[in-house]
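This report concerns one chain of a complex and its contact with a partner chain. Please consult the sequence and structure shown here alongside the text.

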Amino acid sequence: MDTIIFLIFAIIAVVCAINVVVQTHPISSAISLVGVMGSLAILYLLLGAEFLAAAQVIVYAGAVMVLFVFVIMLLNAGAEAKKGRSFMAQLLGVPLLIGLLGLLAWFVQRLYPVGTTVHFGGFRGGTAQDVGRALFTSYLLPFEVTSILILIAIVGAIVLARKELD
Amino acid sequence: MDSFIVISLIKVVLVFAVLMTTLAYLQWVERKVIAHIQVRPGPYRVGPHGLLQPLADVIKLITKEDLMPPYVNRPLYLAAPFLAITMALLSISVIPFGPTIEVAGYQTWMQLTDLNIGVLFVLAASSMGVYGIALAGWSSNNKYALLGGLRSSAQMISYELPLSLAIAAPLLISNTLSLRELVERQSGSILSWNVLHGPFPQIFSFIIFLIAGFAETNRVPFDLPEAENELVAGFHTEYSSMKFASFFMAEYANMITVSCMATLLFLGGWDAPWPAAYGSSLVPAVIFAFAGVVALYHGMHPARRRDRLTLPAFGIIFLIIAGIFLLPMVQSWLVPLFWFCAKTGTILFAFMWIRGTLPRFRYDQLMGFTWKFLFPVAMVNLLVTGLLVALVS
Amino acid sequence: MQLWLIPLLPLAGFVINGVLGRRFPKALINTVAIGSVALSFAWVLKTLLGLGDLQNVYTEHYFTWIQSGALNIGCDFAVDRLTAVMLLVVTGIGSLIHVYSMGYMAHEGGYYRFFAYLNLFMFFMLVLVLAANYLLLFVGWEGVGLCSYLLIGFYFDKQFATNAGNKAFIVNRIGDFGFSLAVFYIFKNFGSLDFHTVFQQAPGASEAALTTIGLLLMVGACGKSAQIPLYVWLPDAMAGPTPVSALIHAATMVTAGVYMCARSWPIYTHAPEALNVIAVIGIATAFMAASIGLVQNDIKKVFAYSTVSQLGYMFVGVGCGAFSAGIYHLVTHAFFKALLFLGSGSVIHALSGEQDLRHMGGLRGKIPWTCWTMFCASLAIAGFPFTSGFLSKDAILLAAHGHAPWMFWLGTLTAGMTAFYVFRAFFMAFFGQYRGHEHPHESPATMTGPLVVLAILSLAGGYLFRVPEFLSTIFPASEAPEDLTLMVIASSAGLVGILIAWVMYVAKPGIADSLAAALKLPYTFLYNKLYVDEIYDATVVKPLVGGSRVLLWKVMDAGIIDGMVNGVGSRARNLGSVLRLLQSGNIRSYATWVLFGSVLVIVALGIAGGLR
Amino acid sequence: MAEVPISWFLTLSAVLFALGVAGFLFRRNIITVFMSIELMLNAVNLSFITFSYQLKQVNGHLLAFFVMVVAAAEAAVGLAIILTVFKNRSTLNIDEVDSMKN
């Protein structure tokens with residue numbers, strides 16, 4: 001059962017991720033990305049991270065990606081132009097990418113033999129209560145720093161996006 | 001295991017059927033309510049008191065031609081209404097309507113499923129609802145629709161903040177994210193409901209929740225995305241037939257979700273306002289009996305000719321219902337269900353009432369209202385609540 | 001016991017007055033400034049009463065200030081009997097002078113600034129006195145130097161005042177350089193800067209090291225306490241307001257050098273050579289300053305040279321191993337010299353700024369309070385028998401006789417000269433005919449009040465505060481035995497000095513001028529302060545400035561240092577213009593490089609992890 | 001087959017990350033490039049949560065949470081920058097935004 005769920009949503013995630021990359025129109029990419037995030041949320045649930053799953057949908061899919069869609073609609077961005085100049089990226093990109101993926105996969109296979117497995121309910125430490133407790137005890141300082149970061153981001157976004165005051 | 005699946009399937013079918021009927025009849029109720037506010041009878045032709053009007057509407061919508069404009073972005077154009085209705089119906093699955101019920105030896109919750117992150121689930125589903133409207137607006141390739149979509153996404157992102165903050169405050173008091181436990185923590189009497197209970201009564205957050213809920217469901221006075229005198233019909237300008245109906249149903253489903261959430265979070269869910277020991281379980285019977293008597297009386301002295309038959313019929317039906325409420329074998333689950341529906345219905349009535357009374361906001365007023373007033377107030381409310389909860393505990 | 005409150009109170013006064021004083025009315029400034037110092041004085045009294053007889057050092061540790069390797073310096077305050085004496089002198093006389101300043105400064109601009117600086121000075125002085133290690137002492141030491149600079153240059157719109165401030169600051173730097181070298185050397189030798197630790201280890205250290213430390217500390221003390229050859233700043237420092245001269249340049253700051261030497265007695269007792277040098281420098285300074293003081297006509301200059309001379313006495317006391325006698329003289333000197341300065345301030349105030357003795361005279365009847373209080377102080381400084389000055393000076397001269405008899409004789413001669421010039425100034429100001437054009441008036445009670453208190457202390461302070469007995473538990477008992485003959489000789493020298501002054505300036509006023517005419521050469525020599533400033537200017541200042549211009553500026557700075565910096569810059573530009581080719585401005589090619597880098601990192605991690 | 005090997009999750013994470021990198025390298029639209037970054041962040045989050053499962057600790061969730069928060073802030077600022085770029089240059093092609101060159 002777990003395997004089936006994993007396979008279904010992993011395949012959805014990969015297909016959507018490929019779609020993000022190959023779609024020429026940004027809004028299609030955005031919707032595909034929402035698909036990736038949604039299926040990842042299901043996988044988080046499988047891994048016992050129920051709070052993170054909800055946060056993933058609310059924050060990522062519900063807020064960040066809506067912002068993306070909003071901006072795409074606002075700029076009325078069309079399909080991207082076919083011309084490109086980055087010789088470097090085209091030349092080195094593919095071999096490097098393959099190298100990266102190969103290395104990562106190789107490390108994963110080396111470091112995690114098939115013995116360790118995941119099953120639903122195997123870890124129950126991801127409830128909102130657990131996350132909140134850790135957040136307000138051992139991670140209090142990063143949490144507070146994050147709030148300042150967000151404040152800076154708000155100010156920065158307003159400064160960047162405001163109308164000129166002249 | 002098997003019985004679990006069977007029961008779940010039965011519950012799904014049941015809830016879905018009831019929900020669909022409710023959606024259809026909510027439309028009828030709304031038309032009636034607004035008609036009476038505007039001193040006119042409303043639907044009256046199809047069936048007694050227009051009771052069959054929803055059925056006629058459904059038939060009309062299904063049989064209409066499904067137009068597909070040639071310049072739309074096809075996949076997204078098709079996906080948008082589907083997305084909207086799915087996300088709207090998804091939240092219903094975690095909403096509990098009543099306590100445990102025992103059917104044929106099986107005990108089960110009056111709820112499709114109980115998640116211990118139920119509140120977050122509803123929030124997530126509602127935040128995904130934006131896509132339906134935004135994509136509909138964008139994919140229609142129509143400037144009115146695009147403007148409607150833009151307005152709706154901006155509005156929904158903006159109002160989600162006070163909404164979430166208003167939800168967070170009662171959660172601080174109840175200390176759970178499961179909707180069922182939320183209700184159980186509020187049991188007792190009206191004084192233990194979150195709206196009145198706790199170190200800090202959540203009356204402000206209840207009002208903020210309702211206001212933000214109006215905006216989230218794009219209802220008057222926040223129906224800018226479909227402001228007909230500016231944008232023709234907003235995001236669903238290009239939609240017709242069942243696709244249009246999907247948006248329509250999504251809107252009403254969202255209304256129901258918001259009302260249910262308000263009931264669960266603030267009004268104690270299916271709990272009676274005062275304990276059964278003081279006769280609260282008799283209230284539904286009394287109400288229905290009273291309605292039946294009134295209907296019978298009016299049937300004796302009909303204002304219109306056709307009421308001579310229908311009103312006594314309604315009166316008898318109401319009296320029968322009142323009798324059912326007195327049966328001890330069903331009282332244990334029917335009375336809570338009644339309270340839940342009564343509370344939700346009251347809020348739904350408020351939705352309609354406000355639609356009949358208030359004018360529409362201007363767009364800058366709409367955004368200024370949430371960012372400059374609602375959000376700070378919700379913030380302060382949350383801070384005060386948190387402080388008092390911390391002090392008390 | 002909350003020792004930190006003692007310095008922090010004046011600091012609070014400084015902060016309040018310094019930040020807000022501009023908008024305060026004078027009454028509020030007075031309340032804050034004087035209140036903070038008076039509270040500090042009260043707290044000193046409470047603390048000392050609470051601490052009992054102070055047989056042991058009482059230390060408070062607040063926090064670790066510097067922690068670096070073996071260097072561990074705490075912010076510690078300590079109180080022993082020596083500190084107790086200093087605390088009382090600093091806060092007590094400080095309070096009196098604050099009260100006095102209220103009247104003296106009433107008509108001056110920058111009122112709040114003056115009191116803010118004065119409070120800041122009190123803070124640093126108290127830190128200096130309370131410090132339990134050399135570095136914290138150095139903080140106070142530098143801080144009082146700063147305040148001295150600020151207050152000397154208080155009238156910063158006058159060129160001579162700013163010049164005098166600069167001079168004080170720069171000359172003090174030389175001394176501070178010696179002091180900091182001493183601190184380094186102490187740390188190198190003892191591995192600590194805490195007084196307690198250092199003094200415990202001092203007996204075991206080599207004499208050469210101790211002598212070096214002692215001499216370096218002495219250089220610092222010479223700078224701060226205006227001893228040869230670094231005394232030149234003190235007479236010029238009289239450019240500041242008179243209360244400043246009284247507080248900083250007579251009673252407290254300039255005695256910091258004496259205090260520091262006395263504090264370091266465990267080092268000095270094992271370094272007799274250094275002690276001897278201190279004594280010689282002290283007696284030379286005393287004699288030279290007294291001789292210059294004989295002929296000065298500016299009333300404050302006279303007392304300035306007198307201060308240098310008396311500081312020389314204290315150095316003699318310390319140098320002869322009679323530390324308690326030195327501190328004793330420090331205390332009594334604080335009384336009578338503060339009184340002399342405040343009195344002269346009162347005279348100057350009465351004459352609306354006139355400082356030249358030749359334009360005074362006959363003020364006895366016009367400003368009687370000032371006159372008679374100053375008479376008390378003059379008696380004390382002249383060593384008139386049984387005044388406080390007599391007691392302390394006598395103790396020093398006795399010790400000097402025990403150390404080297406010639407020092408005693410020179411000291412006695414100096415005492416006579418001291419008596420002469422002080423009474424010369426006194427007679428010129430208060431006797432004879434008034435030679436000026438102003439309309440003298442007595443000062444307000446806020447000024448005369450402190451004068452009276454100080455007059456009583458000048459006469460009787462030596463009995464009220466038996467400093468040598470009080471300090472006998474701290475310092476080694478090396479006092480010379482009482483010797484009646486020497487006492488009589490020393491005090492008679494003072495009486496002779498008074499008599500000569502009376503004859504020359506009251507009985508037969510013509511003698512002074514004819515004597516000056518007869519001894520033209522020595523008179524001019526002394527009148528021009530032995531041309532020390534000119535000599536310094538020619539031998540030190542000019543070559544230094546010239547050398548800096550040519551060698552340091554043109555060759556070192558412009559040629560080598562700028563050349564290096566510019567060279568680095570131009571090399572970097574050349575390199576950059578090559579590396580620039582990588583910066584295509586294309587984000588995706590940057591991304592490719594990032595990817596390239598991360599692949600390299602992963603490979604490196606794999607290799608580092610042994611390719612498990 | 002009721003249990004999923006943990007390496008599958010990590011491999012999925014690696015694949016998603018590589019796809020994000022590919023999007024970053026080969027796409028020209030700034031918005032798409034930005035979305036590719038979000039994809040990479042998501043892939044890393046999956047790794048964090050997988051590690052959290054493996055170690056039975058909540059710490060990985062916290063890290064993923066912080067990544068999300070930072071991503072939200074980043075999206076706000078980044079989209080504001082994109083808006084400004086579009087306003088000033090009326091292009092979204094990343095290759096045409098190269099005024100740093102020369």
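D:A76 is buried, because 21 other C-beta atoms lie within 10 Å; a residue is termed buried if 20 or more other C-beta atoms, placed from the backbone, are found within 10 Å of its own, exposed if 12 or fewer, and partly exposed in between. The model is predicted: local features need pLDDT of at least 70 and side-chain atom pairs pLDDT 80 or more, while totals for chains, interfaces and linings use all residues. Residues are numbered from 1 along each chain as its sequence is written, with chains lettered from A in the order in which they are written.

D:A76 belongs to helix α3 (residues 59-89) of chain D. Leaving aside residues up to four places away in sequence, D:A76 touches A:A153 and A:A157, where contact requires C-beta atoms, placed from the backbone, within 7 Å.

Chain D contains three helices and one strand, in the order β-α-α-α from the N terminus; helices (H or I, at least four residues) and strands (E, at least two) are DSSP runs. Of the 102 residues in chain D, 55% are buried.

Across the interface, 73 residues of chain A are in contact with 64 residues of chain D. On the chain A side, α3(A) supplies the largest share, 11 residues. The residues of that side are classed as follows.

| Class | Members of the class | Residues of chain A touching chain D |
|---|---|---|
| Nonpolar | Ala, Val, Leu, Ile, Met, Phe, Trp, Tyr, Cys, Pro | 54 residues |
| Polar | the others, Gly among them | 15 residues |

Key: Two residues are in contact if their C-beta atoms, placed from the backbone, lie within 7 Å.
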